[in-house]
Amino acid sequence: MKLIRQLANAKEQINAVDTTGFLREISAQELRLLQNTLLEMLLDVLAVCQAHNIRAFLLGGTALGAVRHKGFIPWDDDIDIGMPRDDYKRFIPAFETYLSDRYVLNAPNYSETALARFPKILKKDSYLDTGGIRDKSLCKVFLDIFIVDRIPENTFKRKWKGLWCNVLEFIAGQVAYYECLDEIWIRQFKTNGKTSYYIRRFIGWLFSFQCASRWYDSIDRVIQYPKETRLWGLPTGCRHYFGEIFPEDVFFPNGTGVFDGHAVPMVNDPDAYLKNLYGDFMQIPPPEKRQKHFVRELRL
């Protein structure tokens, strides 16, 4: 099971080993500056969404921070928001008109080279290199958008669609890993375990007849489900296809929360949503259980 987790989660590997000589842990001052930049990005995106009646709301650790800390989790370094598929489609032209002077939208079936299986908004006048990105022009501070898709109610359809989606996500992850291996990255992952390193490298090579960004495009097409349904989910989230499926009323209509003194849109039932992700989400984890954050270089 440990090997399977390693193959599926590169970030878990980075947190599990001494990164001295590979990456450096972000300083407290840098983290606060990064959080301020992310907050600015979030408010810019939400303002455009509100002006154009586009549903966008906090998800993941950002939603947890809003509920438990009324802002960032003190050690967190990213922003996660969600958009229903139809709203995301309307967000694209709004982004191009009102935000493209300051930001880049990088997304499957939109960008020439997608960085992930979900859309990202990159801040132009920034530089953030955490490893794993070959094109250094795309090493930017980023905000993640997770598309909330309809999920089939029929059990067979749901299991088949979810299985296929998860297989594609696994393949895409290994291809991306293979594409981005450099001397530092090789040393990093060999330190954590040579077995997982060689398995991931082989799988990545085996499926590298298609680049990772094209695999991400395929995932984005497979997860879409155009029919009316009472189930919604986050197929490209951290729990993959099956881990974040909810009745419609968990997400909609959106509620309101507070994040660093700003009113922000939330899922309709944050208690149900956060319990699914974190269990006893109001319990603050001890320092040794908190996620660490590493960079090669950061400029804001």
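Predicted model: local features only at pLDDT ≥ 70, side-chain atom pairs only at ≥ 80, totals over all residues.
Entry 1: Residues are numbered from 1 along each chain as its sequence is written, and side-chain values use heavy atoms, with hydrogens and water left out.

I then turned to the nonpolar cores, each a set of buried Ala, Val, Leu, Ile, Met, Phe, Trp, Tyr and Cys residues joined through side-chain atoms within 4.5 Å, where buried means under 20% relative accessible area, exposed over 50% and partly exposed in between, with a 1.4 Å probe and protein chains only. The largest core has 60 residues, of which M83, F91, I121, F251 and Y273 touch the most other members. Helix α3 (residues 28-51) gives the largest share of this core, 10 residues; helices (H or I, at least four residues) and strands (E, at least two) are DSSP runs, numbered from the N terminus. Another core, of 16 residues, lies apart from it and includes V175, W215, V222 and L231.

**Entry 2: salt bridges.** I searched the whole structure for salt bridges (a side-chain nitrogen of Lys or Arg within 4 Å of a carboxyl oxygen of Asp or Glu) and recorded 17. R102 pairs with D44, with 3.2 Å between the closest N and O atoms; because R102 lies in the loop between α5 (85-98) and β4 (103-106) and D44 in helix α3, the pair ties together parts that are 58 residues apart in sequence. I noted R102 as partly exposed at 34% relative accessibility, and D44 as buried at 18%. D44, D101 and R102 are linked in a network of salt bridges.

In the salt bridge of D149 with R85 the closest N and O atoms are 2.8 Å apart, and the pair links strand β7 (residues 142-151), which holds D149, to helix α5, which holds R85, 64 residues apart. I found both D149 and R85 buried.

**Entry 3: helix α6.** I read α6 (residues 155-179) as 25 residues reaching 36 Å from first C-alpha to last, close to the 36 Å expected at 1.5 Å a residue, the expected span being 1.5 Å times one less than the number of residues. Among its buried residues I listed R158, K161, E169 and V175.
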